[in-house]
Amino acid sequence: MSEERMTGAAAVLRCLELENVRVAFGLPGGAIMPFYDELYKRKSFKHILVRHEQSAAHAADGYARVSKEVGVCIATSGPGSTNLVTGIATAYMDSVPLVAIVGQVATSLVGKDAFQETDIVGITLPIVKHSFKVKKFGDIYFAIRGAFYIAKTGRPGPVLVELPSDVQRQEGVFRGTDLNFRGYNPEGFWNLDKMPEAIEAILNCERPVILAGGGVIISNACTELLNLAEKLEIPVATTLMGKGAFPEEHWLSLGMVGMHGTPAANKALCEADLIVAIGVRFSDRSIGRPDKFANSAKVVHIDYDPAEVGKNVRPNIYLVGDARKIIKEIVDSVGKVDISRRREWLKKIADWKEELRFDLEYSGQVRPQHVLKAVMEITKGEAILTTEVGQNQMWAALYYKVNKPRRFITSGGLGTMGYGLPAAMGACIACGCEMPVFNIAGDGSFMMSVHELDTCARYNLPVKVLLLNNRALGMVRQWQELFFGKRYSETIFSKEPDYEGLARSLGAQGWTVREASQVRGAIERALETPGPVVVNFLIPQEEKVLPMMVPGGTLKDIITEESLERR
Ligand SMILES: Cc1ncc(C[n+]2csc(CCOP(=O)(O)OP(=O)(O)O)c2C)c(N)n1
């Protein structure tokens, strides 16, 4: 590498160029101005100027999830950096590779409560994979390139780099250094000792289920998973984060497991004698009470991160390492399998799959199912969906079948309202706007990031917001209806915005749909309309997401439409 003299800001950009960063999302301020000034001159990558730093983090996260690249967000010190916190936590919970570059007050002012000084490294410590405090020019290469290296290797996650303003101005000679992190092992902590037992368990069971999580997508193990399921005819359930890891229109797919899982997925997990859990962390929303989970089954847990083994569920057998290689090894090791004694199990599963019927006519009032069904029919699955959080997210997860990885983008672990619209911007850029990108939204969540419609308009990002508008914080309202004696404490909006006017004022188009018969036409029109669009679907306020696991219960404690009618 030729040795060149330059400022710290130029050195940061040089590192980003070496990382082939194509796009970053951010919003400048005092402590990051030298960096932005240098960006003005070098134009190292496309910069998307957002309306709020939280959106910068979510957009970078959405970009990373779709593109498999590291997402980059940039903010100034103080409030700029604290505005990133929710986005960083969201990425951390869902293992998304993200680099957050934030300004800091000059090194001489640190600790003096200087204007816009905040200890962002301290604030984010529990929600980052790693962080770097740059103190001098000579730290820059190691910090920036190290941040990318750590964010994308091993179990991915967010990394924060703090850049004091004086270091951005300091001059020095740009030099590469060794990226050697003592104690960091990107190769993983492999442990395949129990492989023979795992294979024996898989061959000798009668009622197997695979539970696939986000780890399968992160490890690019979807083809191997399909091979395993097909070779041994094992049905596959996914977690919310695992949606897309296995084609949901495949005859062996059970759909999503958990609090709002499909009857087939939840019943299969309850009655299985073997659960092969791959890249899952057994979250409470997925499995209910861990002590009552899979009491009749042997659990084989395959995960990259040894810290996940036994964290929530103690497996009978575990394999630690990259899911892709481990699944491939299993597939290669098993010969021809006699699955005749599983016929009954597969028949039972086919019957359970019939329980979630989804063949509504397009008539009457708009229901969420109409909207998701129409998106499936119109796009034939060739679309990316982002979701907000609440009922909208669960309706999308239940009714929209995802056949390919990285096409269903949702905040699974943190459950962040306001995530979906900025994530959709990132998704749009990641796919070069070549695929339709829909944000399935609730009105509460939408209003948390609505300002980003303006960003979509400025950069001509054709995000289509499908607003399932129930004039309420629907999911919380649903809990109040079912478990809090219908006391609707602070969940119903007494007045709502004029969504069409709001969309127009932010440079988008918008229209309202009341009748199911108009749903398909409205979505087709949205796709034909250039730029961002908001389709405001007025759905009944009392519409619930069912089935639903009783909070604090098990996968057997399920509320259904029928059980509610019997109440
Ligand atoms: C930032 C944030 N605040 C609060 C919550 C708690 N919460 C979960 S779902 C929900 C209601 C969401 O309402 P809306 O976006 O309208 O979606 P709906 O459930 O009606 O589809 C709330 C408040 C959250 N998940 N995230």
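1. A polar contact is taken here as a pair of N or O atoms within 3.5 Å; within protein, one of the two must be able to donate a hydrogen and the other to accept it, and residues adjacent in sequence count only if both atoms are side-chain atoms. With that in hand, an oxygen atom of the ligand is 2.6 Å from an N or O atom in the side chain of Ser 445. Two further ligand distances involve the backbone: an oxygen atom of the ligand is 2.7 Å from a polar backbone atom of Gly 444, and an oxygen atom of the ligand is 2.9 Å from a polar backbone atom of Met 475. Taken alone, the ligand exposes 580 Å², of which the protein buries 76%, with accessible areas coming from the Shrake-Rupley method with a 1.4 Å probe and, for residues, only the protein chains shown counting as cover.

2. The model is a predicted one, in which local features need pLDDT of at least 70 and side-chain atom pairs count only at pLDDT 80 or more, while totals for chains, interfaces and linings use all residues. Residues are numbered from 1 along each chain as its sequence is written, and side-chain values use heavy atoms, with hydrogens and water left out.

3. The shell around the ligand comprises 17 residues, the closest being Gln 391, Gly 415, Gly 444, Ser 445 and Gly 474; a residue is near a molecule or strand if one of its heavy atoms lies within 4 Å of it. Helix H17 (391-399), helix H19 (443-449) and helix H21 (474-483) are the elements that give two or more residues to this shell, and H19 gives the most, with four residues. Helices (H or I, at least four residues) and strands (E, at least two) are DSSP runs, numbered from the N terminus. By class, the shell has seven nonpolar, nine polar and one charged residues, where Ala, Val, Leu, Ile, Met, Phe, Trp, Tyr, Cys and Pro count as nonpolar, Asp, Glu, Lys and Arg as charged, and the others, Gly among them, as polar.

4. H21 deserves a separate comment. Seven of its ten residues are buried, namely Gly 474, Met 475, Arg 477, Gln 478, Gln 480, Glu 481 and Leu 482, with buried meaning under 20% relative accessible area, exposed over 50%, and partly exposed in between (1.4 Å probe, protein chains only). What covers these buried residues includes H17, strand S21 (548-549), strand S22 (558-559) and helix H24 (561-566). H21 is followed by Gly 485, whose phi is positive, near 55 degrees.

5. The largest nonpolar core has 53 residues, and those with the most contacts inside it are Phe 25, Phe 446 and Leu 453; such a core is a set of buried Ala, Val, Leu, Ile, Met, Phe, Trp, Tyr and Cys residues joined through side-chain atoms within 4.5 Å. Helix H18 (residues 420-430) gives the most to this core, with eight residues. A second, separate core of 37 residues includes Ile 199, Val 216, Phe 246 and Ala 323.

6. Leaving out residues up to four places away in sequence, Leu 453 touches Leu 421, Phe 446, Val 465, Ala 503, Leu 506, Ala 508, Pro 532 and Val 534, contact meaning heavy atoms within 4.5 Å. Asp 454 is found in helix H20 (residues 452-458) and is buried, with a relative accessible area of 13%. A polar contact of 2.6 Å joins the side chains of Asp 454 and Arg 51.

7. Arg 407 lies in the loop between H17 and strand S16 (408-409), and it too is buried, with a relative accessible area of 13%. Its side chain reaches the backbone oxygen of Gly 381 at 3.5 Å. Beyond its neighbours within four places in sequence, Arg 407 is in contact with residues including Glu 382, Ile 384, Val 402 and Met 435.

8. A cis peptide bond, with omega about 0 degrees, joins Leu 546 and Pro 547, and Pro 547 lies in the loop between strand S20 (533-538) and S21. Ser 95 has a positive phi near 55 degrees and is buried at 8% relative accessible area, whereas Asn 460, with a positive phi of about 55 degrees although it is not a glycine, is exposed at 52%.
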